[in-house]
Amino acid sequence: MPSSHQAQASWTPARILKWARTIGPSTQVVCETIMSGRHYPEQGFNQCRGIFNLASKVYTPERVEAACERAIAIHSPLYKSVVSILKNGLDAVALAPPPGPPPIEHQNIRGTEYYKELLAGGQENVTC
């Protein structure tokens with residue numbers, strides 16, 4: 001095998017995931033997702049190594065981990081998403097919590113006023 005190909009052979013899914021764990025759990029999840037989304041895990045190696053380069057040459061490992069965490073939260077754990085998050089500085093912006101369900105409005109539902117009256121002494125009118 002040529003020397004250029006021998007360097008490629010040293011990269012394995014286990015080695016990539018081991019490296020990703022050193023950055024953080026979110027980076028590991030992103031790398032796992034990238035590799036599992038391909039027919040062959042080796043097809044995702046370049047993107048995983050791209051994340052390695054981001055963490056070692058361009059950005060700090062902490063920023064890359066935060067970007068991976070955000071990419072997972074927005075359901076887009078991809079290399080392109082991580083790069084976009086880092087370029088736009090979104091790794092430093094806190095994620096807004098997901099909105100809760102809207103309150104139910106219906107004529108048969110008792111509101112807070114009903115229970116306030118019960119607690120205030122209107123309990124004698126309650127029938128079971």
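Predicted model: local features only at pLDDT ≥ 70, side-chain atom pairs only at ≥ 80, totals over all residues.
Colleague: How many helices and how many strands does the secondary structure of the protein chain comprise?

Modeller: Read along the sequence, the elements follow the pattern α-α-α-α-α-α-α. The secondary structure accordingly comes to 7 helices and 0 strands.

Colleague: Which percentage of the residues of the protein chain counts as buried?

Modeller: The protein chain exposes about 9,100 Å², of which carbon and sulfur atoms supply 57%. Burial is assigned residue by residue, with a limit of under 20% relative accessible area. Of the 128 residues, the share that counts as buried is 29%.

Colleague: Are α3 and α4 roughly parallel or roughly antiparallel?

Modeller: Two packed helices are described by the angle between their axes and the distance between the axes. The axes of α3 and α4 come within 9 Å and cross at roughly 160°. Angles over 145 degrees count as roughly antiparallel, and α3 is therefore, relative to α4, roughly antiparallel.

Colleague: How many nonpolar, polar and charged residues does the contact of α3 with α4 have?

Modeller: The crossing of these two helices, α3 and α4, is right-handed. Helix α3 contributes Thr27, Val30, Cys31, Ile34 and Met35, which meet Phe45, Gln47, Cys48, Ile51 and Phe52 in α4. By class, the contact of α3 with α4 has 8 nonpolar, 2 polar and no charged residues.

Colleague: Why does Gln28 count as buried?

Modeller: Gln28 lies in helix α3. Leaving aside neighbours within four places in sequence, Gln28 is in contact with Leu17, Ala20 and Arg21. The limit for a buried residue is under 20% relative accessible area. Gln28 counts as buried because its relative accessibility is 17%.

Colleague: With which residues is Ser26 in contact, leaving aside its neighbours within four places in sequence?

Modeller: Ser26 has its place in helix α3. Ser26 counts as buried, because its relative accessibility is 11%. Its contacts beyond those neighbours are Glu65, Cys68, Glu69 and Ile72.

Colleague: Are α5 and α6 roughly parallel or oblique to each other?

Modeller: Helix α5 spans residues 61–73 and helix α6 residues 79–87; their axes come within 9 Å and cross at roughly 120°. Angles of 65 to 115 degrees count as roughly perpendicular and those over 145 as roughly antiparallel. The relation of α5 and α6 is therefore oblique.

Colleague: How do the residues of the contact of α5 with α6 divide, and how many are nonpolar, polar and charged?

Modeller: The crossing of α5 and α6 is right-handed. On the α5 side the contact is made by Arg63, Val64, Ala67, Cys68, Arg70 and Ala71, and on the α6 side by Ser81, Val82, Ile85 and Leu86. These residues divide into 7 nonpolar, 1 polar and 2 charged.

Colleague: Against which helices do the buried residues of α6 pack?

Modeller: In α6, the buried residues are Ser81, Val82, Val83, Ile85 and Leu86. The helices against which they pack are α3, α4 and α5.

Colleague: Which residue just after α6 takes a positive phi?

Modeller: Helix α6 covers residues 79–87. The phi in question is about 70°, and it belongs to Gly89.

Technical notes:
Residues numbered from 1 in each chain as written. Heavy atoms only, no water. Axes fitted to C-alpha atoms, helices over the stretch in contact; angles between N-to-C directions. Helix = DSSP H or I, 4+ residues; strand = E, 2+ residues; numbered from the N terminus. Parallel < 35°, antiparallel > 145°, perpendicular 65-115°, else oblique. Left-handed = near helix turned anticlockwise from the far one by under 90°. Contact = heavy atoms within 4.5 Å. Nonpolar A, V, L, I, M, F, W, Y, C, P; charged D, E, K, R; others polar. Buried < 20%, exposed > 50% of the residue type's maximum accessible area, 1.4 Å probe, protein only. Areas by Shrake-Rupley, 256 points an atom, 1.4 Å probe, with all protein chains shown as cover.
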